[in-house]
Amino acid sequence: MSETTIPCATIVSILNAEDEAMRAFYISLTCNQSVDEYIHDQHLYFSSRQVEGVFLSHLLALTELALDRCFLRTR
């Protein structure tokens, strides 16, 4: 019989940094969990500092968009 293994960590590369940022943003909003907790719980590892910067840039853009939308609704 063959064994099935489940990966215990995710390497974030330039190819999936945007997707992981979207997941982290969504989870932080819907599950009352910080992005730092999401990174830790999902065992995310960034392939380089540049990729981590791309991830954070996307996360910041999503946050700004959400805040702009909330601000416009309250006017």
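Arg 23 counts as partly exposed, because its relative accessibility is 42% (partly exposed lies between buried, under 20% relative accessible area, and exposed, over 50%, with a 1.4 Å probe and protein chains only). The model is a predicted one, in which local features need pLDDT of at least 70 and side-chain atom pairs count only at pLDDT 80 or more, while totals for chains, interfaces and linings use all residues. Residues are numbered from 1 along each chain as its sequence is written, and side-chain values use heavy atoms, with hydrogens and water left out.

Arg 23 is paired with Glu 20 in a salt bridge, with 2.9 Å between the closest N and O atoms (a salt bridge being a side-chain nitrogen of Lys or Arg within 4 Å of a carboxyl oxygen of Asp or Glu). The two residues are separated by about one helical turn, because they stand three residues apart in helix α1 (helices, H or I, are DSSP runs of at least four residues, and strands, E, of at least two, numbered from the N terminus). Glu 20 is buried, as its relative accessible area is 8%.

A search of the whole structure finds two salt bridges. Besides the pair in α1, Glu 52 and Arg 49 meet through their side chains at 3.1 Å, N to O. Both of these residues lie in helix α3, three residues apart, or about one turn of the helix. Glu 52 is partly exposed at 24% relative accessibility, whereas Arg 49 is exposed, with a relative accessible area of 70%. As a general point, side chains of opposite charge can pair when their charged atoms come close.

Helix α3, which spans residues 49-74, also holds Val 51. This valine counts as buried because its relative accessibility is 5%. Apart from neighbours within four places in sequence, Val 51 is in contact with Val 12, Ser 13, Ile 14, Ala 17 and Phe 46 (contact means heavy atoms within 4.5 Å). Between Val 51 and Glu 18 the C-alpha to C-alpha distance is 9.7 Å, although 33 residues separate them in sequence.

Val 51 belongs to the largest nonpolar core, a set of twelve residues that also includes Val 12, Ala 17, Phe 25, Tyr 38, Phe 55 and Leu 59 (a nonpolar core is a set of buried Ala, Val, Leu, Ile, Met, Phe, Trp, Tyr and Cys residues joined through side-chain atoms within 4.5 Å). Two or more residues of this core come from each of α1 (17-30), α2 (35-41) and α3. Leu 59, with neighbours within four places in sequence left aside, is in contact with Ala 21, Ala 24, Phe 25 and Val 35.
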